[in-house]
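Good morning, everyone. Please take a look at the structure on the screen. I will walk you through it contact by contact.

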Amino acid sequence: EPEPEVNWCRYENSFLYSYAGDSFNNLEDAQNACLSNAQCNGITQEPYNNNRYTQRVGPEIHDWSPTGETSWAVCSEPEPEPEPEPEVNWCRYEACLSNAQCNGITQEPYNNNRYTQRIGPENSRLESNW
């Protein structure tokens, strides 16, 4: 009987604590080793270590990597396809052009991706500005 398919979820800017075994040059080898290692609960890629893929104990995934690490852990659902980038609605830009106080448009991901006219020029890392 074939093995059931294992789904791995990717977590950007994250890490799991403590090493659980060898590290690898590619994700697939690290995942296969992790599945055979009872101590391993995930993989963390280390950009500061030649992008090595390391087996980690975890099991908690910390979402605040100070070094830009990426982690993978087995999950019950397959990883969803990334959503396409929203297209800029230039009608909103035209509205800004007719407003003397508007110096740009900001898309707010924390506000249902609404677009707002802004006086500017300050930028926020959480927002997309035009």
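Let me start with a term. A residue is called buried under 20% relative accessible area, exposed over 50%, and partly exposed in between, using a 1.4 Å probe and protein chains only. Take Val 6: its relative accessible area is 35%, so Val 6 is partly exposed.

A word on the source. This is a predicted model, where local features need pLDDT of at least 70 and side-chain atom pairs count only at pLDDT 80 or more, while totals for chains, interfaces and linings use all residues. Residues are numbered from 1 along each chain as its sequence is written, and side-chain values use heavy atoms, with hydrogens and water left out.

Back to Val 6. Val 6 sits in the segment before S1. Together with Leu 35 and Val 74, Val 6 makes a nonpolar surface patch of about 240 Å². The patch rule takes residues with over 30% relative accessible area and no salt bridge; like charges are joined within 9 Å, and nonpolar side chains (Val, Leu, Ile, Met, Phe, Trp, Tyr) within 5 Å. The areas come from the Shrake-Rupley method with a 1.4 Å probe, and for residues only the protein chains shown count as cover.

Next, the disulfides. A disulfide is a pair of cysteine sulfur atoms within 2.5 Å. How many disulfides does a search of the whole structure find? It finds 2. One joins Cys 9 to Cys 75, with 2.0 Å from S to S. This pair links distant parts of the chain: Cys 9 is in strand S1, Cys 75 is in strand S5, and they are 66 residues apart. The angle about the S-S bond is 85°, and the link of Cys 9 and Cys 75 is right-handed.

Stay with Cys 9. Strand S1 covers residues 7-11. Cys 9 has a relative accessible area of 14%, so Cys 9 counts as buried. Now look at Ser 76. In sequence, Cys 9 and Ser 76 are 67 residues apart; in space, they are 8.9 Å apart, C-alpha to C-alpha.

Cys 34 and Cys 40 also form a disulfide, with their sulfur atoms 2.0 Å apart. That link is left-handed, with -100° about the S-S bond. Are Cys 34 and Cys 40 buried or exposed? Both are buried.

Now the aromatic rings. Rings of Phe, Tyr and Trp (its six-membered ring) pair if their centres lie within 6.5 Å; planes under 30 degrees apart count as stacked, over 60 as edge-to-face, and the rest as tilted. The whole structure holds 3 aromatic pairs by this search. One of them is Phe 15 with Tyr 17: edge-to-face, 5.3 Å centre to centre, with 75° between the planes. Phe 15 is buried at 7% relative accessible area. Tyr 17 is partly exposed at 44%. Another pair is Tyr 53 and Trp 72: their ring centres are 5.7 Å apart and their planes are at 50°, so this pair is tilted. Tyr 53 lies in strand S4 (residues 52-56) and Trp 72 in strand S5 (residues 70-75), so the pair ties together parts that are 19 residues apart in sequence. Tyr 53 is buried at 13%, and Trp 72 is buried at 6%. Finally, Phe 15, Tyr 17 and Trp 64 form one aromatic cluster.

On to charges. A salt bridge is a side-chain nitrogen of Lys or Arg within 4 Å of a carboxyl oxygen of Asp or Glu. The count is 3 salt bridges. One is Glu 12 with Arg 10, whose closest N and O atoms are 2.5 Å apart. Arg 10 is partly exposed, at 38% relative accessibility.

Which residues join into one salt-bridge network? Start with Arg 56 and Glu 46, which meet at 2.7 Å, N to O. Arg 56 is in strand S4 and Glu 46 in strand S3 (residues 42-46), 10 residues apart. Arg 56 is buried at 6%, and Glu 46 is buried at 1%. Arg 56 also meets Glu 69, at 3.8 Å, N to O. Glu 69 lies in the loop between S4 and S5, so this pair ties together parts that are 13 residues apart in sequence. Glu 69 is buried as well. There is the network: Glu 46, Arg 56 and Glu 69, joined by salt bridges that share partners.

One last contact. Arg 56 lies over the face of Tyr 19, at 4.6 Å from the ring centre. The rule here: NZ of Lys or CZ of Arg within 6 Å of the ring centre and within 35 degrees of the ring normal.

How values were computed:
Helices (H or I, at least four residues) and strands (E, at least two) are DSSP runs, numbered from the N terminus.
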